[in-house]
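Here are a few notes to go with your first look at this one. Have the viewer open as you read.

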Amino acid sequence: AACHGDAERAPLPLTPWLAAQQEAATVLQLFLIREGLREVPSMAGMLDKVTDPDFFDLAAYYVRQAPPRAAGAGNPGLRERGAELVKSMGCGSCHLGDYSGQKQVPRIANQREDYLVATLKAYRDNKRTGADTNMNSAMYRVSDGDIEALAHYLAHQGQ
C-alpha cells in the first residue's frame, strides 16, 4: 500500500492502483515479475521469496478493496476522443464495457493516467508483453496523442 496506494492516498507516480484489481490479473503480474518475465525495477528482488499461495493471498486482499475513484475533473475534448478510441479499438471486448477487467485481464477503469500512458506506450513499443501479445498488436501504430486520450478517458470513468 505504501507504493500502490490505499483509500487515503494515491499510488506513487507511474504506479498502478491494485484496489479492486482482478484476482487472476494480480496473480499473473506478480508471477511474471518474480520470474523475471516482466521487468519492474522498483520491485526488483521484492518477490524472490514470495510463494505462489502468497500471490493468491495478496490478490484476494486487493480484490476486496474499494475500486479507485475517478481522477479529478477531466479535459472534455480529450475525454471525448478517448471515448471514440476505446469504442473503435474494442477495448471493452477484453476489459469489459465498464473496464473492470475479467480473469487475467486487468481493471483499467480509474487507473492512474500516468501509469496508463506509460503502459500503453510500452505495449506499443514492444517493451512490455502480457501473457500473450494481444495488447502489443492492439497498440501497434497508436500515436502518443491517441494514447494520451485513451488514458485520460479510462482514468476519468464515472464522471
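Is Ala44 buried or exposed?

1. Before anything else, keep in mind that this is a predicted model. As for Ala44, the answer is exposed, because its relative accessible area comes to 61%, and the exposed label needs over 50%.

2. To find Ala44, go to the loop between helix 1 (23–34) and helix 2 (52–63). While you're there, take a look at Arg34 too: 10 residues separate it from Ala44 in sequence, and the C-alpha to C-alpha distance between Ala44 and Arg34 is 8.2 Å.

3. Next, have a look at how helix 3 (residues 76–89) packs with helix 7 (residues 144–155): the angle is about 95° and the axes are 7 Å apart. Angles of 65 to 115 degrees count as roughly perpendicular, so helix 3 is roughly perpendicular to helix 7.

4. Who makes that contact? From helix 3 you have Leu78, Arg79, Arg81, Gly82, Ala83, Leu85, Val86 and Met89, and from helix 7 come Asp146, Glu148, Ala149, Leu150, His152, Tyr153 and Leu154. Sorted by class, the contact between helix 3 and helix 7 holds nine nonpolar, two polar and four charged residues.

5. Finally, turn to the second largest pocket, with about 250 Å³ of space. It is lined by 16 residues, and Asp6, Ala7, Trp17, Ala19 and Ala66 are the closest to its centre. The lining of this second largest pocket splits into 10 nonpolar, two polar and four charged residues.

Key:
Residues numbered from 1 in each chain as written. Predicted model: local features only at pLDDT ≥ 70, side-chain atom pairs only at ≥ 80, totals over all residues. Heavy atoms only, no water. Axes fitted to C-alpha atoms, helices over the stretch in contact; angles between N-to-C directions. Helix = DSSP H or I, 4+ residues; strand = E, 2+ residues; numbered from the N terminus. Parallel < 35°, antiparallel > 145°, perpendicular 65-115°, else oblique. Contact = heavy atoms within 4.5 Å. Nonpolar A, V, L, I, M, F, W, Y, C, P; charged D, E, K, R; others polar. Buried < 20%, exposed > 50% of the residue type's maximum accessible area, 1.4 Å probe, protein only. 1 Å grid on protein atoms, 1.4 Å probe; cavity = no way out; pocket = protein on both sides within 12 Å on 5 of 7 lines; lining within 4 Å. Points joined across faces, edges and corners; volume = space filled by probe spheres on them.
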